[in-house]
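I'd like to walk you through one structure, starting with the whole chain and then going residue by residue.

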Amino acid sequence: MEYVRVKSIEDPNFAAMHGMMTKIFPPEEVLAYELWKEPIADPSIHVYVAIEGGEVVGATEYRYYPELRVAMTDFTIISALSKGIGRFLFVERQKDLVRLQAASGSVAHGMFAEIYNPQATASHSFGEVLAMHPAVRREVLSHLGYRKLDITYVHPSWDHEGKAVTGLDLGFLPADHATTHIPASLVTAFLKTYYEVLPNKPKEWLNMIAELETRSDIELMPL
């Protein structure tokens with residue numbers, strides 16, 4: 001299996017990856033094909049596909065913010081079971097994140113991830129791939145050490161319509177597994193930075209940010 005970076009929507013691997021995304025994720029979670037042109041060319045956004053036998057069988061997107069000392073896993077896609085795709089993507093992503101930290105002279109506090117709540121997303125088939133079912137993914141992330149922030153989480157829709165997307169928790173994988181709380185200021189700074197590319201912010205998201213700005217820290221709770 002090969003770990004190959006995708007930097008342009010003209011890359012045939014991008015078309016294959018975007019096709020997988022539209023089959024697996026709800027529409028409001030998927031940025032339109034043409035709107036990927038600028039983000040995917042951004043050197044700080046890391047999009048990689050797993051290729052086996054000349055075909056794209058998985059993908060992951062992530063980024064590292066050295067000024068905040070946090071990473072974010074945007075998504076991980078697995079197209080089939082019993083191929084070791086998830087493990088392969090995890091190992092290769094971790095190697096790259098270690099490289100990014102070393103290059104910036106920083107050490108990460110941890111990594112954020114938006115995690116589906118299976119009870120709130122039961123209507124989604126998630127591409128009929130069992131490994132992508134919210135309950136399975138949530139349990140995998142829990143085993144890795146992710147916990148959810150003690151907040152009611154919403155995010156702006158990626159379709160640029162300014163809708164509030166619910167049904168997810170904001171998770172965090174602390175570098176030190178003994179960590180029980182993280183600064184609210186870190187969460188606020190991260191969310192403002194991560195969603196600055198979306199001009200239309202729903203009032204629910206703005207209210208969430210305002211509430212976070214009144215808190216000193218956020219508890220990390222079991223998934």
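Let me start with contacts along the sequence. If you take the contacts in the chain with a separation of 6 or more, residues 24 or more positions apart account for 70% of them. Please keep in mind that this is a predicted model.

Now the overall picture. How many helices and strands does the chain have? Five helices and eleven strands. The radius of gyration is 17 Å, close to the 17 Å that the globule rule gives for 223 residues, so the chain is as compact as a globular protein of that length. Along the principal axes, the C-alpha trace spans about 50 × 40 × 30 Å.

What about inside and outside? Of the 223 residues, 48% count as buried. The chain exposes about 10,800 Å², and 53% of that comes from carbon and sulfur atoms. On charge, there are 20 positive and 29 negative side chains, with the centres of the two sets 3 Å apart.

On to the aromatics. The count comes to 14 aromatic pairs. Take Tyr 3 and Tyr 48: their ring centres are 4.2 Å apart and their planes sit at 5°, so this pair is stacked, the cut-off for that being under 30 degrees. Look at where the two partners come from: Tyr 3 is in strand β1, residues 2-5, and Tyr 48 is in strand β2, residues 45-52, so to speak a link between distant parts of the chain, 45 residues apart. Are these two tyrosines buried or exposed? Tyr 3 has 19% relative accessibility and counts as buried, because the cut-off is under 20%. Tyr 48 counts as buried too, at 11%.

The next pair has another geometry. The rings of Trp 158 and Tyr 194 have their centres 6.0 Å apart with planes at 80°, so this one is edge-to-face. This pair also links distant parts of the chain, 36 residues apart: Trp 158 is in the loop between β7 (155-156) and β8 (164-165), while Tyr 194 is in helix α4, residues 184-194. Both Trp 158 and Tyr 194 are buried.

Those two belong to something with more members. Which residues form the aromatic cluster? Tyr 65, Phe 112, Trp 158, Phe 172, Phe 190, Tyr 194, Tyr 195 and Trp 205.

Phe 112 lies in strand β5, residues 110-116, and at 0% relative accessibility it counts as buried. Leaving out residues up to four places away in sequence, Phe 112 touches Val 70, Ala 71, Met 72, Thr 73, Tyr 146, Leu 149, Leu 170, Gly 171, Phe 172, Ile 182, Val 187 and Phe 190. Phe 172 and Phe 190 are on that contact list, and they are cluster members as well.

Leu 198 is a buried residue in a loop. Leu 198 sits between α4 and α5 (203-212), and its relative accessibility is 2%, so it counts as buried. Leu 198 and Pro 174, by contrast, are 24 residues apart in sequence and 27 Å apart in space, C-alpha to C-alpha.

Thr 166 is in the loop between β8 and β9 (168-174). Is Thr 166 buried or exposed? Exposed, with a relative accessible area of 52%, since the cut-off for exposed is over 50%. Not counting residues up to four places away in sequence, Thr 166 touches Tyr 153 and Val 154. The C-alpha atoms of Thr 166 and Glu 204, 38 residues apart along the chain, are separated by 9.9 Å.

Last, a bit of backbone. Arg 69 has a positive phi of about 60° although it is not a glycine. Arg 69 lies in the loop between β3 (55-65) and β4 (70-78), and it is partly exposed, with a relative accessible area of 34%. Ser 82 is also a residue other than glycine with a positive phi, near 60°. Ser 82 lies in the loop between β4 and α2 (85-104) and is exposed, at 82% relative accessible area.

Notes: Residues are numbered from 1 along each chain as its sequence is written. Side-chain values use heavy atoms; hydrogens and water are left out. Helices (H or I, at least four residues) and strands (E, at least two) are DSSP runs, numbered from the N terminus. The radius of gyration is taken over C-alpha atoms; the globule rule is 2.2 Å times the number of residues to the power 0.38. Buried means under 20% relative accessible area, exposed over 50%, partly exposed in between (1.4 Å probe, protein chains only). Contact means heavy atoms within 4.5 Å. Accessible areas come from the Shrake-Rupley method with a 1.4 Å probe; for residues, only the protein chains shown count as cover. Lys and Arg count as positive and Asp and Glu as negative; His and the chain ends are not counted. The place of a charge is taken as NZ of Lys, CZ of Arg, CG of Asp or CD of Glu. Rings of Phe, Tyr and Trp (its six-membered ring) pair if their centres lie within 6.5 Å; planes under 30 degrees apart count as stacked, over 60 as edge-to-face and the rest as tilted.
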